[in-house]
Each structure stands twice: as structure tokens, then as C-alpha cells.
Amino acid sequence: MFTGIVEEMGAVRYLGPAQERDGVDLVIRSALARVGAYCIRPGDSIAVSGVCLTVTALDDAGFTVGLSPETLRRTALGDLHEGDPVNLERSLPIDGRFGGHIVQGHVDGVATVAQVTEEGDALWMTFAAPAAILRYIVYKGYVAVNGVSLTVAALDEESCFSVQLIDHTRRHVDLGAMGPGTRVNVEVDVLGKYVEKLLGAAPAALVTGRAS
């Protein structure tokens, strides 16, 4: 489990065919393998721009994760290029601070940056999203965008939602450099989905086929 509080902005070193197996590797430049007791190790879970992935290898410059075909279909990770920034968060230790909200790293779908507007030193960002995501977005509720725990600041239930990034956030996550047309990973607040299930409502098909 994660909380949507980004620890580090890493950078893509490589995205492409794996060297020793039939698959796709994402190699990331990061210092999280060298941070003491809670450093990452092979087999650990880590959120990469909001997607929970498994660390498969470490080196002096960072770490490698494998991307399944389902992950590539259901997230925006396949859009990455060498040098692109990515938001990184290690899984929450049992004695860790719960700084954001419950984030599973199970992306519900992809939204697109529709508009970016400056207001003082803050940044308004509006995301166009499909109806299957918007039905779970609540005004002043939580949403994870590329793994960042954010508050919904405006909502058009037919087409889009907006958030506002304070200056500190925009400088420390990948969202701050994005322009219109960029695709992002969205995870809605899982509590809404559980409530819907318990009440017997017919859930929207956020993801068809196997879960990511």
C-alpha cells in the first residue's frame, strides 16, 4: 500500500525489451536503493507514477521493474521515453507516517491533461477522463494522479476534474512539467468502490479483462 506522497522524482534510463527474457523492462535512475533501513530490494513493491510494480534488479544508478502486457495496456507507462521524470514511492512500512490517502497502485484508467493554468505560484490542472472514472470522483475528495495524492478542486461530472498543485508539489512531481495532451495514470479513492460493491450497485467496468 502507498499514500500518494512522492519520495523522489526518478528518471527513465531505459524502456524496451528485456535483455534475458521475453518481456519489457523499465529501468529507472533513483537513489531509493541507498536510503538506509527502508531501501528498496529485489522483490519489493514500488509505485512508479502511480503503478505498483515489483523491483526485479538493482544497480549503482537505480533499479529495474518488469512491465506486463496488461500494465502496458491499462496505464500510460508505455508513453515514457529516456530521460522522462517518474514519481517514485516505496510501499508504506508498518510504522510509517500516513501522509496522503489509501493508494493501492492499481490504476483504474488513463486521463489526459486538458488545461494547465497558473494562479500565483500554484498550478491548476484539468484532466479529461472517461465516465467510468468520473463516477468515482468526488468534489473535495481524494484522487491519485500519477501516484500523487491530490484533492479534487473542481469537477464536471460529464467530462473532467481539476486539481491545484502548490508550488512545492509542482516542483517535486512530474505533473508540474506536463502540458495539454499528456496522458496520466488515475486511481480513484478505493473507498468509493467498496461502498458501491457493498450497496449492491452495478460497478462501472473500470478495467475489462484481468485486473492490473
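In what follows, buried means under 20% relative accessible area, exposed means over 50%, and partly exposed covers the range in between, with a 1.4 Å probe and protein chains only. The structure is a predicted model, in which local features need pLDDT of at least 70 and side-chain atom pairs count only at pLDDT 80 or more, while totals for chains, interfaces and linings use all residues. Residues are numbered from 1 along each chain as its sequence is written, and side-chain values use heavy atoms, with hydrogens and water left out. The mean pLDDT of the chain, where pLDDT is the predictor's confidence in each residue from 0 to 100, is 91, and 92% of the residues reach 70 or more.

**Confidence**

- Over residues 207-212 the pLDDT stays under 50, and for this stretch the model has 13 contacts beyond four places in sequence, a contact being heavy atoms within 4.5 Å.
- Where pLDDT is low, the predicted coordinates should not be read in detail.

**Nonpolar cores**

- A nonpolar core is a set of buried Ala, Val, Leu, Ile, Met, Phe, Trp, Tyr and Cys residues joined through side-chain atoms within 4.5 Å; the largest one has 24 residues, of which Met 125, Phe 127, Val 143, Phe 161, Leu 175 and Val 184 touch the most other members.
- At least two residues of this core come from each of β7 (109-119), β8 (122-128), α2 (131-134), β9 (142-145), β10 (148-151), β12 (160-165) and β13 (183-188), where helices (H or I, at least four residues) and strands (E, at least two) are DSSP runs numbered from the N terminus.
- Leaving aside residues up to four places away in sequence, Phe 161 touches Met 125, Thr 126, Phe 127, Ala 129, Leu 134, Ile 137, Val 143, Val 145, Val 152, Ala 154, Leu 155 and Val 186.
- A second, separate core has 19 residues, including Leu 26, Ile 46, Leu 53 and Val 55.

**The loop at Pro 42**

- Pro 42 lies in the loop between β2 (24-29) and β3 (45-48), and it counts as exposed because its relative accessibility is 53%.
- Although Pro 42 and Val 55 are 13 residues apart in sequence, they are 5.0 Å apart in space, C-alpha to C-alpha.
- When residues up to four places away in sequence are not counted, Pro 42 touches Val 55, Thr 56 and Leu 58.

**Salt bridges**

- Side chains of opposite charge can pair when their charged atoms come close.
- The structure holds 10 salt bridges, each defined as a side-chain nitrogen of Lys or Arg within 4 Å of a carboxyl oxygen of Asp or Glu.
- In the salt bridge between Lys 193 and Asp 108, the closest N and O atoms are 2.7 Å apart; this pair links distant parts of the chain, with Lys 193 in helix α4 and Asp 108 in the loop between β6 (85-90) and β7, 85 residues apart.
- Lys 193 counts as partly exposed at 22% relative accessibility, whereas Asp 108 counts as buried at 6%.
- Arg 170 and Glu 118 meet through their side chains in a salt bridge of 2.9 Å, N to O, and this pair also links distant parts of the chain, with Arg 170 in helix α3 (residues 167-172) and Glu 118 in strand β7, 52 residues apart.
- Arg 170, at 18% relative accessibility, counts as buried.
- A further salt bridge joins the side chains of Glu 196 and Arg 135 at 2.6 Å, N to O; because Glu 196 lies in helix α4 and Arg 135 in the loop between α2 and β9, the pair ties together parts that are 61 residues apart in sequence.
- Glu 196 counts as buried at 9% relative accessibility, while Arg 135 counts as partly exposed at 45%.

**Helix α4 and the surface**

- Leu 191 lies in helix α4 (residues 190-199) and, at 49% relative accessibility, counts as partly exposed.

**Positive phi angles**

- Lys 140, in the loop between α2 and β9, has a positive phi of about 70° although it is not a glycine, and at 53% relative accessibility it counts as exposed.
- Asn 146, in the loop between β9 and β10, likewise is not a glycine and has a positive phi of about 50°, but at 4% relative accessibility Asn 146 counts as buried.
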